[in-house]
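Trainee: I've got a model open and I'd like to learn how to read its features. Can you walk me through it?

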Amino acid sequence: MDGIDFTNLVGLVSRYCTKVWLTRLIAQGLVEAGDVDGAVKVVSAFPDAAWRLELLSELSLFLADTDDCKSALRVLMDVKDNDIVLDILLDTYCVDKGFEEALESFGINGERVGRAVKESGNCRLLNWLYFLAKAGRADEALKAAREFEESHYRSEGLMKVAVALAERGNERYKEVLNEALDAADGLCSADFDDVVASAVVELASVGRGELAHELAGNIVDDYVFVSALIDGLPCLEGTLLGNTVDEILEVADELYEEDYVEVLIKLFFAVLDLPELNKPLLDRIVKRVYFEPTRSLLQIGYASRLLENNDEGFKDLYREGMNNLRRLTGKQRFIIARALVPNMVQRFTADLIKFINEIPDVREQAYLLREISISKNVMGEYEDALKIARSINVQDERAAALYSIVDNLSEKDFERALNIANEIPDRNWRERGFSLLFANALSREEFREDLFKNVLAGLAKRDEGDALHILEPMVGSLAKKGRRELEDVVNLVSKLDYLKPLKRVLTFLVAGDAEGALKVAREESFGLAKILALSAIVVKTSHAKGSSPRKILDEARREVKKLENRYEQSFALTMIAFASAVTMQVKDAFEIIINEVPWEYHQPSLFEFLVRLPVAGRVDDLVKLVQNLDRQLGHPIILQTLAYTYIGGYMKELEKMLDPLISFDPFILSHAISFFAIRGEPELIQILIEKQKDDKSLSFSTSGLAYSLRGKAEQARRAFEKAFEELSKIPKDDTRRSYALHSIIMCMLASADESNVELGKKFLQGDELELLSEFFKASKHASEGRMKETQTILRSIEDKHPVLSTLPSMAIVAGRMKGKNSLTLLKDALEMKKAKELSTLELSAVFVQFIVAGGDPKIAVETIEKNWIECEDILFQTAAYFATMKNLEKFQSLTENMNPYNREAIIRRTAALMSYREPEEIAQLLKNLPVHTKDIILGRITEESLRRGRIEDALTTASKIVEKENYIHALSDMFLTLTEKLARE
């Protein structure tokens, strides 16, 4: 294969998505040809470090699937000093087959595993303790497990060691198991059950069924208990199997109805799939199912298994089940038919097809017939599969069924497969079939130039995503054989790029040339890109004389029917709906979302559609639509809409929608104030406060703090005065007063303005004034480094006010101390106030105040990660504050000190918040992040770049997004953002 420089070939492609696709296929082709070193060389040349690691791990998995464990491990040797390899290795079969070699090759020991678990927060890595113990290194594994301070890690680690010892027949497992249960006692009941349930299944899988059953008795929750036993059933036999099923049935009686049905179905199929047909157990389960059509569905599955065993008892079961199911109509019939397809045997096929043909929806019929055809094909019943495929009336479903037959026949009867491929009615499926046939011919050393040229010619002007999918088998085969024709394929795919025509469309639209944009959209764009472009053009031309928005949108809707990917369909229809809302009837647009978007994408599409209506000037329409939604769904939509409208700078629309939305949901106002308070927007908070009818003291104190942090002392003072005025309206014996007072004190203390004490004297007296004064004294002592005096005051406050509400103020004092002493003060405060009783939101507020006051973010992170299982949520709320306040120095300091697992999660979750304001700065955070997280952040930067009118930057950023779904999302967001701007012109 010296004739082709594969690395240079990959370099010809600019789009990261295509570059990754090509590298992956070439590497796999080279591996199949026996050139593992060549495959590693191609992957190692990839320009992005995160994707290099991702592709290497995929290559290792591919080798493991071919049972070449030696090469699979060798591929990962270059990253053996990076603890991420511990996670990648667990995905391969190599560890199970040769765990001792893996342990030795990668230098895996208890100390390294313990460190990796702590640093990454990845419990999955505890599996290495199982392998260490299985390799006879139980003491080492036990030492690592016992050194975890967190009960969750310690108990689960000990469980892994106990399972390995039990598998080896070492009686020492008993003491370790008891130690693990003792450690798990420190967990909440849900976590305790999860740890034990995992060990139950693992013990059953290593042949210790009796022990697994005994351990399951420790599980508290009935649902978790029966689920663990069901998962372990395949490993049980004899009397133990029967007794376990009876116990599951007995406990299931105590479950809620929905859980009861779910458990019986899961139990039934677990028993049905056992190697030996166990009629007594199946009979007992079916008799317990009182709900139709579930009972009938199980009866037919049971009848199919009886028929396979030549048991005549199948007849009555089948007859009774089908008679009951025939009473079903509409959607219920479709759902049941879909469940029946994988459990239907040859003898029942005619009945099932008749049952399906009575479903009124033609597309549902077609989908089910396709599934039956594919099932027949997999079983080698080609004639039946072909007959059913040809009977399907919907073109794309018939095409998918015929392609499946081509795939299966291609290695058995090439010429017949070729003839069937020519029958495929859909162009994409047909060319996919030709590509597959070409690959199979090449594997037999037969180069079919006719097929090769046919596929390439057909893809010369095609949708990028479709083309890559069609070419996959060709690329792998050409790489494997080292054929020069691979260069022709690469030249083709390097020209297929959504962004090239979209760039021209964007340029024309921004320049006001809608006619030029329409010409490019129709002649150069394909698939989703064409739909996005057409929809944007509709908005641009909506006010022009002689424009025909409905005609162009109808054209776009016809294009949607050509899309196979349901994710693409959802974004295409959301874009069309938004364009329709802007140019025609919002009600009609709403119907597109409800009736045409694939059901699994309804909610995200609805969110995307509704939150953008106000920025397009459709506030009244938004209010009407939201008021017709279920309140549970409407609440988050309203908050997101307020946020999106505010972030976009559309203040008139925001004020216009507030009153009607507040009347729809009275809780919205308080949530909105909290939402914008942490973003330091006092002017907006003032607008929201004016809408409040009840106690406003909390809101005014929050506003005062926001003004203080922005250096506006006079405005802050006025806000605090208003907070005190509101406080004076609350009777002293009202419990609300104490909470409001502590909130005001905390905000005034955080402002670091000692004149606030004088302000307090105007409104407070007695214990309340003393509390304010004492906190300011403690703060002054802390800022001057006087530890003893600070502690004395804080303990005095604790004695007089033993309530959680003083904790944020104590955190502020701790933050002012600086250094190690600040940690001591923080720990004292958290212990005094029993902080574990607080919610994640309340805890995050405590740590925000600590850092704002000058506390070290590293101390905050270590304290959170060490003491709270829900640390990710606390860290997110804390980091989000600094992200939205544009304090990137604090944000980066926080994330740099998090363990890798939390760091990735927090950066991913805050990316959207940051990108609206700081797209350039957030790009700095991309180094060493996992690829999926990178994609999401790049998508947010893409959208914001376009919002600021930087088309070139937006397109360049989008070209670096790899995963198809993230790329589609980014393109759609770009055009939705563009249509917002066009709608307001």
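Trainee: Which residues do ring pairs link into a cluster?

Mentor: Ring pairs join F99, W128, Y130 and F131 into a cluster. Rings of Phe, Tyr and Trp (its six-membered ring) pair if their centres lie within 6.5 Å; planes under 30 degrees apart count as stacked, over 60 as edge-to-face and the rest as tilted. Before we go on, some ground rules: this is a predicted model, where local features need pLDDT of at least 70 and side-chain atom pairs count only at pLDDT 80 or more, while totals for chains, interfaces and linings use all residues. Residues are numbered from 1 along each chain as its sequence is written, and side-chain values use heavy atoms, with hydrogens and water left out.

Trainee: How many aromatic pairs does a search of the whole structure find?

Mentor: The search finds 13 aromatic pairs. In general, you describe a pair of aromatic rings by the distance of the centres and the angle of the planes. Take Y403 and W429: they form a tilted pair, 5.3 Å centre to centre with 50° between the planes. Y403 lies in helix α26 (residues 395-409) and W429 in helix α28, so the pair ties together parts that are 26 residues apart in sequence. Helices here (H or I, at least four residues) and strands (E, at least two) are DSSP runs, numbered from the N terminus.

Trainee: Is Y403 buried or exposed?

Mentor: Y403 counts as buried, at 14% relative accessibility. W429 is buried too, with a relative accessible area of 14%. The cut-offs: buried means under 20% relative accessible area, exposed over 50%, partly exposed in between (1.4 Å probe, protein chains only). The areas themselves come from the Shrake-Rupley method with a 1.4 Å probe; for residues, only the protein chains shown count as cover.

Trainee: Which helices hold F438 and F452?

Mentor: F438 and F452 form another tilted pair, at 5.5 Å centre to centre and 40° between the planes. F438 sits in helix α28 and F452 in helix α29, so this pair ties together parts that are 14 residues apart in sequence. F438 is buried at 0% relative accessibility, and F452 is buried at 5%.

Trainee: On to charges. How many salt bridges does the structure hold?

Mentor: The general idea is that side chains of opposite charge can pair when their charged atoms come close. The cut-off is a side-chain nitrogen of Lys or Arg within 4 Å of a carboxyl oxygen of Asp or Glu. By that rule, the structure holds 57 salt bridges. One of them joins R319 and D316, with N to O at 2.8 Å. R319 and D316 are 3 residues apart in helix α21 (residues 314-325), so about one helical turn separates them. R319 is partly exposed at 45% relative accessibility, while D316 is exposed at 52%.

Trainee: What does R370 form a salt bridge with?

Mentor: R370 pairs with E371, and their closest N and O atoms are 2.7 Å apart. R370 counts as buried at 19% relative accessibility, whereas E371 is partly exposed at 25%. R448 and E446 make a salt bridge as well, at 3.7 Å, N to O. There, R448 is buried at 14% and E446 is partly exposed at 30%. Salt bridges can also share partners: E608, R612, R940, E943, D973 and E980 are joined into one network that way.

Trainee: Which residues form a negative surface patch?

Mentor: D221, D222, E250 and E254 do. Patches are made of residues with over 30% relative accessible area and no salt bridge: like charges are joined within 9 Å, nonpolar side chains (Val, Leu, Ile, Met, Phe, Trp, Tyr) within 5 Å. Lys and Arg count as positive and Asp and Glu as negative; His and the chain ends are not counted. The place of a charge is taken as NZ of Lys, CZ of Arg, CG of Asp or CD of Glu. D221 is in the loop between α15 (209-216) and α16 (222-232), and D221 is partly exposed at 35%.
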